[in-house]
Amino acid sequence: MRRSLALLVLAGVIPIVALGGTFGALTLRSEREAVAARGRTDANLAAALVSQTLRSNVAAVEMVAQSPALDGAAPDVARFATLARRILANQQDWHAIVLADVEGRVVFGTAPVGTAAAPLAGLDAAALRRLRDRAEPQIGTFSVASDGARVFPVAVPVGRAGQVRYVIAALVPAARLERLLRVEPLAPGWTASIITPAGPALMVPRDAAPLVHTDPRPVELWMPVSGARWSIRITAPAQAFFAPVRQAVLLLLAAAALCVLLLALLGRLLVGELRQLRRRDASELQRQRMETLGRLTGGVAHDFNNLLTPIMISLEQLRRHAADAASTRHVDVAMAGAERARLLVSRLLAFSRQQQLSPEPVELAALVDGLMDLVEKSLTPAITMTVAVAPELCPAEADRGQLELAILNLVINARDAMPDSGALRLSVARAEPRHTAGLAAGHYVAITVSDTGSGMDAATIARAIDPFFTTKPIGKGTGLGLSMVDGFASQSGGAFVLESEPGRGTSARIVLPCSARPAVAAPLAAAAAGTSALTILLVDDDLRVRRATAEVLAEAGHAVTEAADVDEALALLATREPVDVVVTDFIMPGRSGAELIEQLRAAWPHVAVLMVTGHVEDDGALPDGVELLRKPYRGATLLAAVEQAVRQRGR
Ligand SMILES: Nc1ncnc2c1ncn2[C@@H]1O[C@H](COP(=O)(O)OP(=O)(O)OP(=O)(O)O)[C@@H](O)[C@H]1O
Ligand SMILES: [Mg+2]
């Protein structure tokens, strides 16, 4: 179950993760492209603006180079100085104007350009050579002027008569270019730089951290500046394209987590359903198993009853006519064995829900009270007992004798579970049908026997009510106690509930339906009033049972006529002298005892009837108001039942 659940969740997670991965990768790519496109635009624009600026500066310096002060064999420095100062006064953008020879030595410089002897800063030998040889303007590299300003030279050749004679350079403050780099506001973390052959020369923002190549790599775009040997470099941090992707992936992960949660929830629900289904299947299987077992044991019990009846009756006869004490002892031993067998069979019948029950309204408080003596006797002194009976309970509809037996069975089980010491609690209370499986709607009462004994593990509890299941040593338990209790409770329209935990104790509850009738007091033992000799018609298809029964009746002084089936019985009734009592088996080949009783009631209503049953398939098939005797029976019980039938008819 746990594995299927994990597989279900995995089946849900894998597509989500795959989808998330693909989505993340695609978003990453498109974000990266968008960032690159913007960087490219910025770099283009900056490069265009810078090159435009450089061009106009070159044009301006070229104008200065036309000055006649430089026409002579030697420059007219004083005149040039005047011109330069005038230009600087108008051209605020320049930091200084410098006149140098073709070797770069400063001939004149407006203040504050370094010393006159120093070579023109920012123009290296190669640049000077290009300027001299190709008569090409040169944009120099950045340097710091004596007053601390960062400047770069825009140098043009001064040519006269086809020969370069001087160099004029305007030192342009770098701040001018900074403004151009910022023309498009940069997003946070982005930088724009001017890269000269000597390396990065200018970067905005000024305090930007130097570029570190992290993983994922930042985006970097380069654009050459025409007219100079510079490039514009725009960089965007990895964060620029990674942050939105991370956001998207986080969102997706959250969605995936939600999906997994939902799937897990769904899985749990499914597992719950399946478990319930399995439980239902298991309980249905258990019901079928019990039913089959019940039918089997019922059949066996029925046959045993038929076998036990002649055995018990004959033993009784034997005992009566026993010649000596030794024979009496032997017969007594045999009788005790037969009696044990009878008890066993009756428990089997109880389990198979086929025992003959005589339900009546039973006041449980009184019943428990009456049982106290017996219960206390069956417990050891180390067991403390409490009894709790709820007030104003309805009477239960049940067979009094069987109920007492059932309670005693539970008490003995509890005692056996507490060999050293413990507490037993016997309680009677109302029961809610919805708390117990298999109960129809209605009112119920429950008798609960709980103990603080050894308890049962799951395997034991699952089999506890199986007939012949016992954990007790051989000879100590038959394993029929709980089967009898369960069969009795179900046959009475109630239920039996067993709850237990190893080491914690057990609680066994018999739930019984409330009776609609008022309770009656426990019947007193039937007075064994001697009855005068009766004429009895005995109907039973089993010859051995019939013979043994007839013998008992005849011995008691009754006149007995035997019939093997209903037809024969009816024929005898019609032809012979009137009979006082008909003792009949219930199930016989051909017509049943019930049909015989029907005919009797119609034609001979004064005749008393005693029905003997060994196996009752269906309580409903039994005719009402007929005295019943359960097989196997002893002679005395048979005679008492005959007398009871006669008394009932006489009422
Ligand atoms: N109160 C209890 N505490 C612990 N285990 C119990 C309890 N009641 C029943 N059992 C277990 O269930 C088994 C079956 O009980 P059941 O009453 O059917 O037969 P038994 O007591 O073994 O024999 P018998 O009742 O015929 O003497 C017991 O052997 C025992 O293992
Ligand atoms: Mg028992």
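This is a predicted model: local features need pLDDT of at least 70, side-chain atom pairs count only at pLDDT 80 or more; totals for chains, interfaces and linings use all residues.
Q: Why is Asp486 called buried?
A: Its relative accessibility is 8%, and buried means under 20%, so Asp486 counts as buried.

Q: Where is Asp486 found, and which residues does Asp486 touch, not counting residues up to four places away in sequence?
A: Asp486 is found in helix H10, residues 481–491. With neighbours up to four places away in sequence not counted, Asp486 touches Arg353, Ile465 and Phe496.

Q: Why is Glu392 called exposed?
A: The term applies over 50%; Glu392 has 82% relative accessibility and therefore counts as exposed. Glu392 is placed in the loop between strand S12 (383–389) and strand S13 (396–398).

Q: What makes Ala135 partly exposed?
A: Its relative accessible area is 44%. Buried is under 20% and exposed is over 50%, with partly exposed in between, so Ala135 is partly exposed. Ala135 lies in the loop between helix H3 (125–134) and strand S3 (138–139).

Q: What is the phi of Ala135, and what is the phi of Glu392?
A: Ala135 has a positive phi of about 55° and is not a glycine. Glu392, also a residue other than glycine, has a positive phi near 50°. Most residues other than glycine have a negative phi.

Terms used
Residues are numbered from 1 along each chain as its sequence is written. Chains are lettered from A and ligands numbered from 1 in the order in which they are written. Side-chain values use heavy atoms; hydrogens and water are left out. Helices (H or I, at least four residues) and strands (E, at least two) are DSSP runs, numbered from the N terminus. Buried means under 20% relative accessible area, exposed over 50%, partly exposed in between (1.4 Å probe, protein chains only). Contact means heavy atoms within 4.5 Å.
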